[in-house]
Amino acid sequence: MLFYPLQFEPILKERIWGGTKLKTLLNKPITSEITGESWEISTVANDVSVVANGDFKGKSLNDIIDLYPNEILGTKVYAQFGKQFPLLFKYLDAREDLSIQVHPNDALAEKRHNSFGKTEMWYVLQADENARLIVGFKEKSSPEEYLTHLNNKTLLDILDTKKVQPGDVFMLNTGTIHALGAGIVIAEIQQTSDITYRVYDFDRVDANGNTRELHVDLALEALNYEKTEAQRWYEKQENVSNQVIQCPYFTTNFIKLNDTFSKTKTADSFCVFMCMEGDFSLNVNGDSYRYGMGSTVLLPAALTDFQLSGQASLLEIYIS
């Protein structure tokens, strides 16, 4: 089998807080005015990505991993996770504020949901003027203080907010209370998990007048009440992989592409490229593949030598 860069049909999700920027900015095929998420690569149950190009077109990601686990996932990833694809890649468009929420760690998620936890990172693609997000507590808190403010609808008083601009990165370790603010489009990289504990939703109702479910009790044990610094700073040297995040779940690098350069990687892990700006080509085995802003590409682990060329800002993600 001759392996090649894989793209997938986007899995589009309507959300009460969604908008239309996934189409206008990233060219996703949305048909709704409230599309909040495009799941780019997923093996979450009932939301498994389907290949959109080449010989594997029409097959699910699970199908091709089942056939070629080492070649797709990588020898190290397969040894660690079996045939489970361990990451989930998304783009999000927040026309309105998202709910204030928290994700459980691996131990709690395993105990309660037989799932991975949900460590994630955000890269800000676009932000309206004065757009902000919530990440953690302003100062060390406690369950008692947190519940008092939650019940009094003053939770925002003790939460830390950050004004954002394109290129900002936030690392959301499990337990970090957070919310994406209105007017922001992000790329999100996370563990394969859809476990979210929603604690406050600004008393919103949907088109039928219904509020969304809250998970106040479940969140109490999941929350980290310490003050944390979620924002990450990184180098932006051209035509090299600038490390942004390295954690047990994934490594993310930033590439400011302004030329052609060759790369060699090991067969330990797959590699994913997400295009934040511009367009680029991926040259593999004598073939050239072209991608634009908003593209997400899975490079199977078996492909260890390739070239990148173009004028683009890329995220490069793998498991180290």
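Predicted model: local features only at pLDDT ≥ 70, side-chain atom pairs only at ≥ 80, totals over all residues.

Q: Where does S42 sit?

A: S42 is in the loop between β2 (35-41) and β3 (43-44). Strands here are DSSP E runs of at least two residues, numbered from the N terminus.

Q: Buried or exposed?

A: S42 is buried, because its relative accessible area is 0%. Buried means under 20% relative accessible area with a 1.4 Å probe, protein chains only.

Q: What does the S42 side chain reach?

A: The backbone nitrogen of V44, at 3.1 Å. S42 also touches I11, D47, V48, S49, L61 and L88, leaving aside residues up to four places away in sequence; contact means heavy atoms within 4.5 Å.

Q: New topic: what's the strand order in the open sheet?

A: The 7 strands go β1-β2-β5-β12-β7-β10-β14, with antiparallel pairing. Its edge strands are β1 (11-19) and β14 (231-232), each pairing on one side only. Two strands pair if DSSP finds at least two bridges between them.

Q: How many bridges join β10 to β14?

A: There are 2 bridges between β10 (residues 169-172) and β14, and V169 has R232 as its bridge partner in β14.

Q: And the largest nonpolar core, which residues touch the most other members?

A: Of its 60 residues, those are F85, Y123, F273, M274, F280, L282 and L308. Strand β17 (residues 271-284) gives the most to this core, with 9 residues. A second, separate core of 20 residues includes I134, Y146, I195 and L223. By nonpolar core I mean a set of buried Ala, Val, Leu, Ile, Met, Phe, Trp, Tyr and Cys residues joined through side-chain atoms within 4.5 Å.

Q: What lines the largest pocket?

A: It's lined by 23 residues, and R15, E37, Q101, T196 and R198 lie nearest its centre. β1 gives the most to that lining, with 3 residues. A pocket is an open set of points on a 1 Å grid over the protein atoms alone, where a 1.4 Å probe fits, with protein on both sides within 12 Å along at least five of seven lines; lining residues have an atom within 4 Å of a point.

Note on methods: Residues numbered from 1 in each chain as written. Heavy atoms only, no water. Helix = DSSP H or I, 4+ residues; strand = E, 2+ residues; numbered from the N terminus. Buried < 20%, exposed > 50% of the residue type's maximum accessible area, 1.4 Å probe, protein only. Polar contact = N/O pair within 3.5 Å; in protein donor to acceptor, adjacent residues only side chain to side chain.
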